Amino acid sequence: MKLYGGASGARTGGRAAAAKTGGKQKKKRNRLKILAIVLAVVLVLEGLYFTAVYSKNAFITKWRNAYITTAMETMSHQWLATAFIPADVIHEVMYAKVVSQEAQAGLESQWKKEELPAAEPETSGENQEVEMTVVEQRDPEIVAEEQFYELFYEVDAESMKAYLAAHPEALENGWNNLCINEAGLDDNGTDIQTVYGEQVLAIDVPNRILLIRVKGSGYQGILAVGKDPGRLSLRPSSQLGTVGETVAQIAAANNGVLAMNGSGYMDDNGGGDGSQLAGYAMCDGVSYGYSYVAKGEKRLELHEDDLMYICDTSAPVSPDCTDAVEWHPAMVVDGKDVVGIGWDGIQPRACIGQSDKYEVLMLVIEGRQPMRSMGITLYDCVDILLLHGCMQAMNLDGGTSAMMWYKGESIISCSNENKRPDGRELPTALVYGPAAP
């Protein structure tokens, strides 16, 4: 019995020892499995990283370049590229943009205002009296309505009629004085649409202004159409060189009704206060600053014929230039898209242009606001402008500077929440005015 009991104990001890050894081996196998999984994940991530950074696949290249450009165009966020992407890859992308900009050297507007057809000779006698009688018998409001749709040809008539049926008070002062304004940051816009399917935010007949919501995947902004190009001018901060002012301040000081950011400013190490003009500017015939000398930098000039012209900053200022602003790149010249590669960053944007009907086109896109609008590429801005018949357009300083103001309030949400509601101080603003009495 004693021997039996001893054998049983030995077997029990053996099993315990085997179980303990097996447990250790199992733990070791588990650790090895976890290590293998970690190594596999690391290798996969490493493979994805090198694919993302070095792949020549068109799709990957497009989004890699967009990521790099978006980060490098924003001084405070450049680390998003430099911390993860090799310097030579970043340099290659950004240098391609420089080459693209330099390729615009020599590009300039050639258009001229079309001559109006000669007026037919006046009739006399009985025929003239009959014609005048017909005109006099027409309802003035019907004539005014026809003139409205001729001027604001972008407005969809059916949606306009539906809006007026719901808001008859809008026509209390007649078509010639119709003013609808739902463009504020706290407004939702109107139910009126353009013939292109865009939402109308404001219609201002006395000042000949149409405000349109432009919206797409991940972005929103405003396209302002000023029907009277003679009302547009570049206006300086009242203490240019000492103190910059917001778009709102410059517009109000110049009796403006609509305005957007104009010139860029010196911003060394991100400490610019908007007082120091970047490049050359002309405001109502008065010159300020000095032109950029870099190849491919562009100047947009407003001439006495109320047309916009784009030329090199190295070209002499035209004798009939009244206002001018410099930046880069040119976007549309004589109706053609001229933006080269390298402008695929997702950014808040500001662009100024003119349509084939000589209308002023002010486009401002909000950005860097994940729940509202991240921004847009310059290529998408060109598409929006060309949809509206753009003939000439130039990119302006975007980012925190991108701002639009209308009738006493800023209607664009600044990308820097610390600068809301009126945005940052700037050296100049493009002002459409003065306001109609």
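The model is predicted, so local features need pLDDT of at least 70 and side-chain atom pairs count only at pLDDT 80 or more, while totals for chains, interfaces and linings use all residues. Residues are numbered from 1 along each chain as its sequence is written, and side-chain values use heavy atoms, with hydrogens and water left out.

## Inside: the nonpolar cores

Let us start with the interior. A nonpolar core here is a set of buried Ala, Val, Leu, Ile, Met, Phe, Trp, Tyr and Cys residues joined through side-chain atoms within 4.5 Å. Buried means under 20% relative accessible area, exposed means over 50%, and partly exposed lies in between (1.4 Å probe, protein chains only).

The largest nonpolar core has 51 residues, and the members that touch the most others are Leu211, Leu258, Ile352, Met362 and Met404. Which residues does Met404 touch? Leaving aside residues up to four places away in sequence, its contacts include Ile222, Leu258, Met362, Val364 and Ile412, where contact means heavy atoms within 4.5 Å. Apart from this core lies another, of 38 residues, with Val205, Val332, Leu363 and Ile365 among them.

Now for the surface. Tyr49, Phe50, Tyr54, Tyr67, Trp79 and Phe84 make a nonpolar surface patch of about 640 Å². Patches are made of residues with over 30% relative accessible area and no salt bridge, with like charges joined within 9 Å and nonpolar side chains (Val, Leu, Ile, Met, Phe, Trp, Tyr) within 5 Å. The areas come from the Shrake-Rupley method with a 1.4 Å probe, and for residues only the protein chains shown count as cover.

Helix H1 (residues 2-54) gives the largest share of this patch, 3 residues. Helices (H or I, at least four residues) and strands (E, at least two) are DSSP runs, numbered from the N terminus. Phe84 sits in the loop between helix H3 (79-82) and helix H4 (87-102), and counts as partly exposed because its relative accessibility is 47%.

## Strand E14 and its partners

Two strands pair if DSSP finds at least two bridges between them. Strand E14 pairs with strand E18 (residues 390-395) in the antiparallel sense over 2 bridges, and Ala330 stands opposite Met394 in E18. E14 also pairs with strand E15 (residues 336-337), again antiparallel and over 2 bridges. There, Val332 stands opposite Asp337. The hairpin of E14 and E15 has 2 residues between the strands, and Asp334 takes a positive phi near 50° in this hairpin.

Pro329 lies in the loop between strand E13 (321-327) and strand E14 (330-333). Another cis bond runs from Arg420 to Pro421, with omega near 10°, and Pro421 is in the loop between strand E20 (409-410) and strand E21 (428-432).

Tyr358 has a positive phi, near 70°, in a residue other than glycine. Tyr358 belongs to the loop between strand E16 (349-355) and strand E17 (360-365), and is buried, with a relative accessible area of 18%. Arg368 is not a glycine either, yet has a positive phi of about 60°. It is found in the loop between E17 and helix H9 (378-387). Is Arg368 buried or partly exposed? Its relative accessible area is 29%, so Arg368 is partly exposed.

## Salt bridges

Side chains of opposite charge can pair when their charged atoms come close. A salt bridge here is a side-chain nitrogen of Lys or Arg within 4 Å of a carboxyl oxygen of Asp or Glu. How many salt bridges does a search of the whole structure find? The search finds 13, including these:

| Salt bridge | N to O distance |
|---|---|
| Arg349 and Glu73 | 3.9 Å |
| Asp204 and Lys407 | 3.2 Å |
| Arg299 and Glu326 | 3.3 Å |

Arg349 is buried, at 5% relative accessibility, whereas Glu73 is partly exposed, at 25%. Glu73, Lys97 and Arg349 are linked in a network of salt bridges. Asp204 is buried, at 0% relative accessibility, while Lys407 is partly exposed, at 38%. Both Arg299 and Glu326 are buried.
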